[in-house]
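This report covers a helix pair and a sheet with its covering helix. Please keep the structure open while reading.

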Amino acid sequence: MGQLDKEEERRNTAAQLYPTTAVAFLLSSSLPLQTPSKPCVLPEPVEPHASVSPLSTSIRMETGSGGGGRLPKTESAEMRWVVPGGAYEEDEIDSSDDGVGGTDTPTAALGSRGGCSDADEDEEDSLLRQRLVRTGPRADSFDVEALDVPGLYRHQEFTVGRSIVLALQTLGVVFGDVGTSPLYTFDIMFNKYPNTSKEDVLGALSLVIYTLILIPFLKYTLIVLWGNDDGEGGIFALYSLICRNAKASLLPNQLPSDTRITSFQLKVPSVELERSLRIKERLETSSMLKKLLLMLVLFGTSMVIADGVVTPAMSVMSAVNGLKVGISSVNEGEVVMITVAFLIVLFSLQRFGTSKVGLAVGPTLFIWFCCLSGIGIYNIMTYGSEVLRAFNPIYIYYYFERNPPQAWMSLGGCLLCATGSEAMFADLCYFSVRSVQLTFVCLVLPCLLLGYLGQAAFLMENLTKNEQVFFLSIPSQVFWPVVFIATLAALIASRTMTTAIFSIIKQATALGCFPRLKIIHTSRKFMGQIYIPVMNWFLLVSCLAFVTTFGSINEIGNAYGIAELGVMMMTTILVTIIMLLIWQVNIIVVLCFLTLFLGLELFFFSSVLGSVADGSWVLLVFAAVLYLVMYIWNYGTKLKYETEVKQKLSMDLMMDLGCNLGTVRAPGIGLLYNELVRGVPAIFGHFLTTMPAIHSMIIFVCIKWVPVPVVPQNERFLFRRVCPKNYHMFRCIARYGYKDVRKENPQTFEQLLIESLEKFIRREAQERSLESDENGDIDSEEEIASTSSRVLVGPNGSIYSLGVPLLADCAGVSNPTLGSNTSLDGSLDETMDGRRSLDNELSFIHKAKESGVVYLLGHGDIRARKESFFAKKLVINYFYAFLRKNCRRGIATLSIPHTRLMQVAMQYMV
């Protein structure tokens with residue numbers, strides 16, 4: 001008793017010293033910790049169940065050379081409290097873990113224990129606490145399956161030589177937009193207030209120089225690019241990174257085993273850990289913050305798509321405007337018609353893919369940047385080097401002091417020099433961070449600065465020429481070759497945001513925020529290079545509408561600034577959250593980043609809002625429609641999932657039906673697709689009541705998209721039993737990252753699934769064998785006391801308790817840890833029985849596979865309840881139903897063969 005009192009005192013002391021962190025339970029635990037050879041990611045805590053109240057730790061610590069009271073490194077130290085002699089099957093307990101409402105349907109309630117009063121529940125909880133026994137970390141079958149792989153997959157690394165080769169492709173894919181900004185920046189800046197003095201030109205040039213340095217270079221190249229999600233960039237990559245480190249997703253389908261995916265890498269705790277944990281806890285417990293975060297992400301995504309509509313119109317029309325300088329007879333209407341023809345050709349070539357087009361247009365963009373810098377140097381030498389004084393930021397102050405309204409209105413045009421900054425981040429999935437940084441610093445930024453310096457030098461000597469400044473500054477000897485190169489560069493730039501939109505739409509679809517669309521992968525080497533036909537033609541139609549409606553780069557330029565700033569501000573906010581939550585940067589640095597960039601972008605935004613009445617409101621309406629589409633889809637998907645959780649069948653009902661499930665079991669395997677990660681879906685009850693027989697083996701398959709770019713193939717499937725062994729029912733979770741593509745044909749998918757199932761069953765038998773070996777001749781009371789010290793160390797250093805069986809066989813099987821002593825002969829007989837049972841089950845699987853595999857799919861119709869508000873009925877019954885009817889069907893998405901498909905209709909009342 002003295003030792004137990006000391007341990008209790010030690011726990012209380014640790015809990016007082018570390019009340020807000022997960023370290024408290026580690027310090028209070030008497031469980032011996034293993035020290036793996038290298039640090040790795042720890043799992044998320046196991047969520048509490050009805051009869052299981054886990055206490056978990058998710059932290060890594062390093063050992064000093066001398067100890068110094070620091071904890072040793074541990075791969076996994078997930079602890080829990082269990083009830084001695086608990087139930088054999090945890091699926092029913094898990095059913096309360098989906099966290100949506102906590103109420104069951106009348107059908108599910110028939111076999112539940114949820115009908116007791118509050119007083120009875122309090123009494124039961126009191127008795128339960130008295131019987132709790134501390135064990136080692138919980139070894140869930142899903143978690144063990146995830147830990148089985150060695151984790152050899154890593155994101156593709158790019159060598160220096162490969163980065164140089166990719167730099168050429170990067171020019172044609174990433175930097176086309178920002179590279180063509182000199183075609184129109186000064187035109188938009190001096191549109192409403194023409195420059196009247198050389199000082200105005202110097203002030204405007206200084207604004208452009210420091211906008212280029214602060215936004216594309218400092219913010220995006222040096223900071224935001226490092227916020228990529230394992231090589232993926234864009235708004236949804238930032239959102240995915242946040243959801244991976246905190247349960248910020250509104251869809252409650254997260255599992256602790258998701259954290260064991262190789263690419264699921266979390267940040268090593270630092271001195272900022274306590275602040276990070278407080279932010280994480282606040283974000284996970286506040287539904288309002290989750291919704292606000294999602295709204296910001298959807299708003300930023302809608303602005304990205306709007307930007308992808310304006311970018312082609314602005315780039316191509318500004319290049320075609322050069323014809324008016326060379327040919328005086330060309331009017332504005334002819335410019336519009338030529339622009340329309342170019343855009344149709346451009347979007348028609350989009351299907352050939354990024355790498356092919358990038359290799360073809362990379363040299364063209366290289367020639368364009370050389371022309372830009374060459375013309376700039378020529379103009380500086382011709383008109384004087386006085387423009388170099390613009391590197392002194394004091395001229396910005398003089399510019400605003402002389403004419404505040406003119407300077408303020410010119411900010412919207414000045415921002416256009418930084419267009420394409422978001423594309424550097426959004427298109428990161430196509431290239432490496434190093435190749436993008438190398439290309440921008442060594443080529444793009446110097447050429448842009450020289451180009452703007454040359455135009456300013458021309459303007460200082462030609463103050464009245466405020467339109468088509470770039471084309472007027474071209475030497476007459478090379479005018480037409482440069483116009484030709486500029487037109488090609490503008491066409492290439494039009495693809496910049498289009499490729500970024502394809503990537504973001506793919507990410508949004510995987511995370512349940514965009515309707516399903518057909519996605520074509522255009523490269524065999526890089527899985528991120530995709531083409532979405534429907535989105536491509538939608539962008540083309542929208543772009544042509546903008547060109548024919550506005551008909552002038554001045555009006556389009558105002559809309560362009562609004563779209564760019566909307567994306568930039570959302571990126572700033574999300575990167576700030578990542579700095580606090582994941583990077584754990586010093587709070588002073590975070591405040592400096594947020595104040596500088598968000599303040600700068602709001603200052604620019606105040607300027608472009610003044611031009612909304614000129615026609616920019618059309619772009620805002622367009623972005624609002626896109627936002628509503630994404631929000632309605634996410635809202636309907638969330639309600640559908642919550643309804644499925646509430647209506648799932650209880651385990652007691654399944655047990656009452658017996659192993660034949662109240663029907664005839666025909667030979668074969670039935671793959672029942674559903675979205676639940678726990679429990680028996682209600683659609684299974686419809687199959688039982690509708691079909692005259694059910695397959696001898698049922699596998700509930702859940703296609704789950706996890707917030708990581710890629711899930712390695714050998715970590716794809718996770719299995720666990722749903723009922724006792726003689727039911728032959730399993731749950732399979734097939735995990736995919738938002739960058740993954742389901743390329744498996746049905747035969748390959750079935751083969752991988754059956755192989756993973758056999759591996760799971762063999763592991764299950766091996767774990768039972770290990771548990772039997774540990775039983776020995778230990779007395780039950782002594783074994784209960786030593787449960788926390790008997791652990792199994794996994795191949796990567798993870799710790800598992802042998803005190804509680806990992807998977808029970810069937811109802812009525814007692815816990816071997818708490819059972820009576822067995823003799824050596826009994827152990828041998830049990831081992832032989834286990835081997836025979838394993839062989840019989842594997843043979844049963846093979847026979848079922850030979851009989852055939854059938855896909856069972858529920859065709860659900862979503863309707864709002866009669867007592868719902870009118871707005872909800874309108875959204876669900878009409879808007880969401882329209883999106884579901886016109887998006888890609890689940891059959892096509894899952895690649896299910898029609899000859900082996902069985903569907904049952906079901907209506908969900910949400």
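## Sheet

Two strands pair if DSSP finds at least two bridges between them. In this predicted model, 6 strands form an open sheet in the order S8-S9-S7-S6-S12-S13. The pairing is mixed. Strand S8 (717-721) and strand S13 (901-909) are the edge strands, and each pairs on one side only. From one strand to the next, the twist averages 25 degrees.

S8 and strand S9 (residues 729-737) run antiparallel. They are joined by 5 bridges. Phe719 stands opposite Cys732 in S9.

## Helix across the sheet

Helix H29 spans residues 682-690. H29 lies across strand S6 (664-674), strand S7 (693-706), S9, strand S12 (853-863) and S13. H29 runs at about 125 degrees to S13.

## Helix pair

Two packed helices are described by the angle between their axes and the distance between the axes. Helix H10 covers residues 198-221, and helix H21 covers residues 433-461. Their axes come within 10 Å and cross at roughly 170 degrees. Angles over 145 degrees count as roughly antiparallel, so H10 is roughly antiparallel to H21.

The contact of H10 with H21 has 18 nonpolar, 2 polar and 2 charged residues. From H10, the residues that meet H21 include Lys198, Leu205, Ile209, Pro216, Phe217 and Thr221. On the H21 side, Gln437, Phe440, Leu448, Tyr452, Met460 and Glu461 are among those that meet H10.

Notes
Residues numbered from 1 in each chain as written. Predicted model: local features only at pLDDT ≥ 70, side-chain atom pairs only at ≥ 80, totals over all residues. Heavy atoms only, no water. Axes fitted to C-alpha atoms, helices over the stretch in contact; angles between N-to-C directions. Helix = DSSP H or I, 4+ residues; strand = E, 2+ residues; numbered from the N terminus. Parallel < 35°, antiparallel > 145°, perpendicular 65-115°, else oblique. Contact = heavy atoms within 4.5 Å. Nonpolar A, V, L, I, M, F, W, Y, C, P; charged D, E, K, R; others polar.
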